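Have a look at the model below. The report that follows takes it apart piece by piece.

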Amino acid sequence: MRLLQIFLIIIFIFNLNLLKANEIQTENKIAKNLRCLICQGQSVYDSDSEFALSLKLVISNKIDEGMTEEQIYDFLKSKYGEWILYDPVLSRNTYFLWLLPILIFFAGGVIIVRKFYIKKQS
Amino acid sequence: MRFKIIPIIITLVFFTIFTIFFKGLKNSNIYTPNIDLEKKIPSLVFKSFDTDVEIISENIFNKNKFYLMNIWASWCIPCREEHEFLMKLKASGKIDLIGFNYKDNNDNAKKFIDELGNPYDKIFTDRDGTSSINWGAYGVPESFLIYKNKIIKRYIGPINSKNLTEIENIIK
């Protein structure tokens with residue numbers, strides 16, 4: 001009986017990790033979506049620069065304060081500009097970027113239709 | 001006719017792509033943010049360097065004079081280079097220098113100041129770097145020219161003689 005009690009307590013303690021694990025997961029997810037501004041071609045998650053280390057700390061503080069992912073992105077955008085986000089926001093400057101693949105996709109579709117279907121009919 | 005148009009289009013496309021990439025090759029690949037002029041300073045709590053007194057940032061830069069907030073650390077080599085320019089700026093007497101000690105050890109920071117001189121009117125400290133992130137800074141060295149709680153100019157990297165004359169012209 002005593003053994004069972006100890007066993008249950010140990011299991012309970014190990015499960016406490018899961019609570020924190022969720023938080024770390026969102027923290028890592030956010031850090032992966034941020035560009036490390038002072039190192040080239042690295043995300044904040046990958047980088048070990050002083051800037052990235054502090055930024056990771058700020059992210060975990062903000063999560064502790066109860067900020068959502070979106071709010072943290074907005075906060076960092078207001079501080080460092082949109083460049084810090086890997087995912088560019090749809091705006092006047094990025095219409096071309098977002099719409100070009102769709103346009104190319106449709107152009108490809110038109111070419112296929114013209115090549116195969118219309119030729120067959122004629 | 002049809003056979004002539006296709007090669008022309010291909011060469012045109014090729015040349016456009018070539019010029020875009022060729023021009024891009026010459027661009028600096030170091031990201032410089034928009035230098036936001038006349039931006040109000042963020043409201044933060046600054047911790048004093050020697051004592052544990054905490055001051056709100058708006059109460060530091062509120063007088064009718066120019067301030068240069070300089071982020072530095074004793075481990076930062078470029079900070080040593082820029083230090084002589086900060087000393088010169090202080091010697092002009094027209095500006096208050098606010099030091100912001102970034103992720104540093106108190107003893108090392110004191111040694112640095114003892115060795116190279118202290119140009120700062122006040123020094124604040126940022127042990128873990130979070131205040132700098134909340135301020136919107138990149139790292140060391142970095143300087144902000146502030147007037148009446150507004151950031152007028154921002155210098156990322158060490159201050160050189162060119163920046164020094166620029167600052168001197170502004171604060172004249």
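In chain A, 39% of the contacts with a separation of 6 or more join residues 24 or more positions apart. Two residues are in contact if their C-beta atoms, placed from the backbone, lie within 7 Å. This is a predicted model: local features need pLDDT of at least 70, side-chain atom pairs count only at pLDDT 80 or more, and totals for chains, interfaces and linings use all residues. Residues are numbered from 1 along each chain as its sequence is written, while chains are lettered from A and ligands numbered from 1 in the order in which they are written.

**Chain A**

Chain A has four helices and zero strands. Helices (H or I, at least four residues) and strands (E, at least two) are DSSP runs, numbered from the N terminus. An automatic or database assignment sets the domain bounds. Chain A gets domain 1 (2–87) and domain 2 (89–122). Their centres, taken over C-alpha atoms, are 39 Å apart.

How many residues of chain A are buried, as a percentage? Buried residues make up 15% of the 122. A residue is buried if 20 or more other C-beta atoms lie within 10 Å of its own, exposed if 12 or fewer, and partly exposed in between; C-beta atoms are placed from the backbone.

The C-alpha trace of chain A spans about 85 × 45 × 25 Å along its principal axes. Its radius of gyration, taken over C-alpha atoms, is 24 Å, but a compact globule of 122 residues would have one near 14 Å. The globule rule is 2.2 Å times the number of residues to the power 0.38.

**Strands of chain B**

Two strands pair if DSSP finds at least two bridges between them.

| Partner in chain B | Sense | Bridges | Residue pair |
|---|---|---|---|
| β3 (residues 54–56) | antiparallel | three bridges | Phe46(B) and Ile55(B) |

A hairpin of five residues links β2(B) to β3(B).

**Where the chains meet**

14 residues of chain B are in contact with 15 residues of chain A. The chain B side has four nonpolar, eight polar and two charged residues. Here Ala, Val, Leu, Ile, Met, Phe, Trp, Tyr, Cys and Pro count as nonpolar, Asp, Glu, Lys and Arg as charged, and the others, Gly among them, as polar.

The largest nonpolar core holds 47 residues. Leu55(A), Leu68(B), Ile98(B) and Ile146(B) touch the most other members. Such a core is a set of buried Ala, Val, Leu, Ile, Met, Phe, Trp, Tyr and Cys residues joined through C-beta atoms within 7 Å.
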